[in-house]
Amino acid sequence: MSTTAPAARAAGPQHQRRRPPSREHAWVAWLFLGPAAAMLVTLVVYPIGYSIWRSLFDARGDTFVGLANYARMFTDPATFTALKNNVIWVLVTPALVTVLGLIFAVLTERVRWGTAFKLIVFMPMAISFLAAGIIFRVVYERDPQVGLANAVVTGVYEVFTQQASYPGAGPRPGDLLVEDGAGGYATAADVDPGSTVPLPLVGVGAEYVPADPVTPQPPEQAAADAITGTVWFDFTRGGGGTPGEIDPSEVALPGVQVQALSDGEVVGQDRTDEEGRYVIEGVDGPVTVALPADNFTTPFRGVAWLGPTLVTPAIILAYVWMWAGFAMVLIGAGLAAISRDALEAARIDGASEWQVFRHITVPLLSPVLTVVFVTMIINVLKIFDLVYILAPGSSAQAANVIAVEMWSVSFGGGQNFGMGSALGVFLFLLVLPAMLFNIRRFKQEQQ
């Protein structure tokens, strides 16, 4: 008995732990799990099941059509466009958000004002997609006076170019200048060196008149190997003035390019100054004075960010602006958990900062980076708000994604709930692998 009693006592607690829960305990468990289970069935299981069932019927839901909606979905050009855009989103956005989050997380560890920087980068997460869409509609506005993006682009463009454009401007009929056949104007007859050639123009739009108009000034006497002149807006408000002559109330046109041509070749050129004067030096023999077509083209007014060509990249940039802070915070938390001993040991062994980052920091952060990357894949596959708000009507089809196509087919006028349900099921199948991967990762980490 003395040998079996201890064994029995040792097995006793184990045996008790393995006993099935009592009926009373089971009712308590269901009491707590019941509401959650009911909510899960009502809000998740039933909608998924009903969507699958509804996708097998026609638009009205009266006729069973089997897989006809799926067959039509994969032969519809709009669905192909949406699928292509979703592929672009998946290939570009998660990688871009993850890389930016990693860069921000690493850099903020090395600056004194890292907390303030993290706050600024994370702040867009507090903004709804609707508000972000409205903000970026203004940012991407085509008019540089309104849109920030085009204000920057046109500002940089004007720094590296000195071209002034006066669309619609030209000489009066019968003036010294005639059309050259290429959109510009030139003197009808050759001009000898030492001559002064005034070039009056009319038809300058009010929006292209210099903001601070300057009275044109007559040119100085031309040298023996030069041609001088003045380019001005030959128009007096309220009437009056002498056509072809500079009047005190008229406006100089700065930045106009004036060329001297010999047998069609440019032998000299200059741009008018603030008072509209130009001087072309080094002229040898009779030449034709010309105003090239570049003077009369519409000036650069920025990029059509929300046009059919760039609308998807523009929306992706808005999305990255919102989610880079989320990635930075998660990666920063993982970075803070890394043992500094490994990093210091690598530096003591002579590793450079880049080698430490590449061979130690990134591998140790790989679980966090994977979670961020997969989460972004799930989010971008379901992207709806930004695309629906940002893409104007003229570019809506070019920016289309599956979630927007599903809404448009079902509620945007098509009222085809069978097709919309098929698109919803297809989107669910696309998201499902990434969700299962994330769940598996979480289980592995818990174990």
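**Starting from F57**

Author: Let's begin with F57, which counts as buried because its relative accessibility is 13% (buried means under 20% relative accessible area, exposed over 50%, and partly exposed in between, with a 1.4 Å probe and protein chains only). Keep in mind that this is a predicted model: local features need pLDDT of at least 70, side-chain atom pairs count only at pLDDT 80 or more, and totals for chains, interfaces and linings use all residues. Residues are numbered from 1 along each chain as its sequence is written, and side-chain values use heavy atoms, with hydrogens and water left out.

Y46 is exposed because its relative accessibility reaches 52%, while Y50 has a relative accessible area of 42%, so it is partly exposed. Now for F57 itself: its ring centre lies 5.1 Å from that of W53, with the two planes at 55 degrees, so this pair is tilted. Why "tilted"? Because rings of Phe, Tyr and Trp (its six-membered ring) pair if their centres lie within 6.5 Å, with planes under 30 degrees apart counting as stacked, over 60 as edge-to-face and the rest as tilted.

How many aromatic pairs does a search of the whole structure find? There are 21. The rings of Y46 and Y50 make a stacked pair, since their centres are 5.9 Å apart and their planes meet at 25 degrees. Ring pairs also build a cluster, which links W89, F129, Y319, W323 and F326.

Next up, charges. Side chains of opposite charge can pair when their charged atoms come close. The structure holds eight salt bridges (a side-chain nitrogen of Lys or Arg within 4 Å of a carboxyl oxygen of Asp or Glu). One of them joins D62 to R60, with the closest N and O atoms 3.3 Å apart. Both partners are out in the open: D62 counts as exposed at 58% relative accessibility, and R60 is exposed as well, with a relative accessible area of 69%.

Another salt bridge brings together the side chains of E344 and R347, at 3.1 Å from N to O. These two are three residues apart in helix α9 (residues 340–348), so about one helical turn separates them. E344 is partly exposed at 42% relative accessibility, and R347 is partly exposed at 26%.

Then there's R277, which turns up in several places in this story. R277 sits in strand β8, residues 277–281, and is partly exposed with a relative accessible area of 25%. R277 bridges to E275, the closest N and O atoms being 2.4 Å apart, and E275 is partly exposed at 26% relative accessibility.

D190, D192, D263 and E265 gather on the surface in a patch of negative charge (patches take residues with over 30% relative accessible area and no salt bridge, joining like charges within 9 Å and nonpolar side chains within 5 Å). D192 belongs to the loop between β2 (185–187) and β3 (199–201), and is partly exposed at a relative accessible area of 46%. D263 lies in the loop between β6 (257–262) and β7 (265–271), and counts as exposed at 78% relative accessibility. Most residues other than glycine have a negative phi. D263 isn't a glycine, yet its phi is positive, at about 55 degrees.

Let's finish with a buried residue again. P392 is in the loop between α11 (385–390) and α12 (402–411), and is buried, with a relative accessible area of 18%. The C-alpha atoms of P392 and Q217 are separated by 48 Å, and these residues are 175 apart along the chain.

Key
Areas by Shrake-Rupley, 256 points an atom, 1.4 Å probe, with all protein chains shown as cover. Lys, Arg positive; Asp, Glu negative; His and termini not counted. Charge placed at Lys NZ, Arg CZ, Asp CG, Glu CD. Helix = DSSP H or I, 4+ residues; strand = E, 2+ residues; numbered from the N terminus.
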